[in-house]
Amino acid sequence: MEKTTVLGKNRTGIDMSPIDAKEMMALAKITPSSSTGDEQAIAEMRSQYIREAEVIGSIPPPGTLKGMASTAMEKLTGKNPEVFIDKLGCRLAFERAGVRLYDALITKCAASSNGSIVPIERLREFRNEELEHFKLVERAIRSIGADPTAQTPSADVDGMASIGLVQVLTDPRTSVAHCLEAILIAELADNDAWQLLIMLTEKMGMDDMARDFQNALREEDEHLAHIRQWFKQMVMEDAAVVT
Ligand SMILES: [Fe+2]
Ligand SMILES: [Fe+2]
């Protein structure tokens, strides 16, 4: 297998020029800061913004309460369905993003000479399962009379947190191992989020929905186990050590 981590002209470290390093450190001691203030001032300013900020988003009320199945409405009465809808919306967005992450990983593996240990057919299965999970959550949202096209606050925040993963997956210079690490982060978060959603669904009294979500979690367990194994194997092979 071709190595993905190579020795080269990396000039970012201080050891590249010991003489300049000494001079730089001496100058740093006598040069005043370019601006006043410290981390305490940063914290104070952030606190002020936090106090003045509005919420990041809201949950739209169900389009039509008549649209909500009466059994669902009965179960949700007296609870806070907006929390449930927020987390369902979050799962919906993440599964859709998961499809795109796997699309990018499949392209990376197909185009790389060092992706041979990752079976692309298996990645396609995982990609399609993410799509099925997306559809499953969409049906769940509709079944309680909510709108699956609305971006919920948690979906918004999750999307923001995942931006770096998308960038790693779509950067032409990253290796298959880099991309597996990014997908591993996504799958770890995905796995935990499904567990929380299942717990919430059960507490909401939606037993059939929780059962469907359990099936999705079983597939997610498979994704996580395989991605973790392939990533580990690639790093070990790259380091020329045996697991
Ligand atoms: Fe997923
Ligand atoms: Fe997954």
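**Exercise 1. Val6**

Determine whether Val6 counts as buried or exposed, and find the segment of the chain that holds this residue.

*Solution.* Step one is the accessibility: Val6 has a relative accessibility of 65% and therefore counts as exposed, where exposed means over 50% relative accessible area, buried under 20%, and partly exposed in between, with a 1.4 Å probe and protein chains only. Since this is a predicted model, local features need pLDDT of at least 70 and side-chain atom pairs count only at pLDDT 80 or more, whereas totals for chains, interfaces and linings use all residues. Residues are numbered from 1 along each chain as its sequence is written, chains are lettered from A and ligands numbered from 1 in the order in which they are written, and side-chain values use heavy atoms, with hydrogens and water left out. Step two is the location: Val6 is found in the segment before helix H1 (18-30), a helix being a DSSP run of H or I of at least four residues, numbered from the N terminus. Step three is a distance: Val6 and Arg173 are separated by 167 residues in sequence, while their C-alpha atoms are 13 Å apart in space.

**Exercise 2. The two iron ions**

List the protein donors of each iron ion, and identify what Glu130 bridges.

*Solution.* Donors are N, O and S atoms within 2.8 Å of the metal (3.2 Å for Na, K and Ca), and water is not among the atoms, so sites may look incomplete. For the iron ion (ligand 2), they are Glu130 (OE), Glu187 (OE), Glu187 (OE), Glu220 (OE) and His223 (ND1), at 2.0 to 2.3 Å, with the spacing E-x56-E-x32-E-x2-H along the chain. Glu130 bridges the two iron ions, ligand 2 and ligand 1, which lie 3.4 Å apart. Glu130 belongs to helix H5 (residues 120-143) and Glu220 to helix H9 (residues 207-238), so this pair ties together parts that are 90 residues apart in sequence. As for accessibility, Glu130 is buried at 1%, and Glu220 is buried at 0%.

**Exercise 3. Cysteines**

How many disulfides does a search of the whole structure find?

*Solution.* The search finds zero disulfides, a disulfide being a pair of cysteine sulfur atoms within 2.5 Å. Cys109 is in no disulfide, and the nearest cysteine sulfur, that of Cys179, is 7.6 Å away. Cys109 is buried at 5% relative accessibility, and Cys90 is buried with a relative accessible area of 7%.

**Exercise 4. Ala240**

Describe the phi of Ala240 and the setting of this residue.

*Solution.* Ala240 has a positive phi of about 60 degrees although it is not a glycine. Most residues other than glycine have a negative phi. Ala240 is found in the segment after H9, and at 69% relative accessibility Ala240 counts as exposed.

Methods:
Helix = DSSP H or I, 4+ residues; strand = E, 2+ residues; numbered from the N terminus.
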